[in-house]
Amino acid sequence: MTNNIPTYLLELKESPWEENTEDYVNHRLVLEYIRSFARNNGIEKLVKYNTRVERVEKQGSKWVLSTSTLVKEGADRGRLEYDTEVSD
C-alpha cells in the first residue's frame, strides 16, 4: 500500500523528507516518518497510532473529537475502541 498524496505535500515544515524520497512510498515509510517526527519533537505520548478520526465538531468554544482505534494485540485484537475528547 502506498500514499495517495505526494510526499512533498505530506512534508512537515520542521521535518523534511530524506533527499530523493519518491513521491509515492510504502505506508510503512510514511508511518516511520510520522513516528520519527513525534519522537524528535517530544510529542510521541500525545500521538495515537492506528486511530481514525470519526468526527470533529465545535460546540460553543470547545472542540469535540471522536475517534476509533484498532486494537492490534492481545485478546481484543481486531476490535475497535471508541473515544471522545473535549478540548479548548
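A salt bridge is a side-chain nitrogen of Lys or Arg within 4 Å of a carboxyl oxygen of Asp or Glu. The structure holds seven salt bridges, and it also holds one aromatic pair. This is a predicted model, in which local features need pLDDT of at least 70, side-chain atom pairs count only at pLDDT 80 or more, and totals for chains, interfaces and linings use all residues. Residues are numbered from 1 along each chain as its sequence is written, and side-chain values use heavy atoms, with hydrogens and water left out.

**Terms used throughout**

- Helices (H or I, at least four residues) and strands (E, at least two) are DSSP runs, numbered from the N terminus.
- A residue is called buried under 20% relative accessible area, exposed over 50%, and partly exposed in between, with a 1.4 Å probe and protein chains only.
- Two residues are in contact if they have heavy atoms within 4.5 Å.

**Salt bridges**

- Asp83 forms a salt bridge with Lys48, and the closest N and O atoms are 3.0 Å apart. This pair links distant parts of the chain, with Asp83 in strand β3 (residues 80-87) and Lys48 in the loop between α2 and β1, 35 residues apart.
- Asp83 is partly exposed at 28% relative accessibility, and Lys48 is partly exposed at 42%.
- Asp88 forms a salt bridge with Lys62, where the closest N and O atoms are 2.7 Å apart. Asp88 lies in the segment after β3 and Lys62 in strand β2, so the pair ties together parts that are 26 residues apart in sequence.
- Asp88 is exposed, with a relative accessible area of 71%, whereas Lys62 is partly exposed at 36% relative accessibility.
- Glu81 and Arg79 also meet through their side chains in a salt bridge (3.1 Å, N to O).
- Glu81 counts as partly exposed at 38% relative accessibility, and Arg79 counts as partly exposed at 37%.

**The aromatic pair**

- Rings of Phe, Tyr and Trp (its six-membered ring) pair if their centres lie within 6.5 Å; planes under 30 degrees apart count as stacked, over 60 as edge-to-face and the rest as tilted.
- The structure holds one aromatic pair. Trp17 and Tyr33 form this stacked pair, at 3.9 Å centre to centre and with 5° between the planes. Trp17 lies in the loop between α1 and α2 (27-40) and Tyr33 in helix α2, so the pair ties together parts that are 16 residues apart in sequence.
- Trp17 is buried at 11% relative accessibility, and Tyr33 is buried with a relative accessible area of 10%.

- Ser68 is found in strand β2 (residues 62-70) and is buried, with a relative accessible area of 3%.
- The side chains of Ser68 and Glu54 are joined by a polar contact of 2.5 Å. A polar contact is a pair of N or O atoms within 3.5 Å; within protein, one must be able to donate a hydrogen and the other to accept it, and residues adjacent in sequence count only if both atoms are side-chain atoms.
- Beyond its neighbours within four places in sequence, Ser68 is in contact with residues including Asn50, Arg52, Leu80 and Tyr82.
- Ala38 lies in helix α2 and is buried, with a relative accessible area of 2%. Leaving aside neighbours within four places in sequence, Ala38 is in contact with Ile43, Glu44, Val47 and Tyr49.
- Ser15 is found in the loop between α1 and α2 and counts as buried at 15% relative accessibility.

**Backbone angles**

- Most residues other than glycine have a negative phi.
- Asn20 has a positive phi of about 70° although it is not a glycine. Asn20 is found in the loop between α1 and α2 and is exposed, with a relative accessible area of 72%.
- Asn50, also a residue other than glycine, has a positive phi near 60°. Asn50 is found in the loop between α2 and β1 (51-59) and is partly exposed at 40% relative accessibility.
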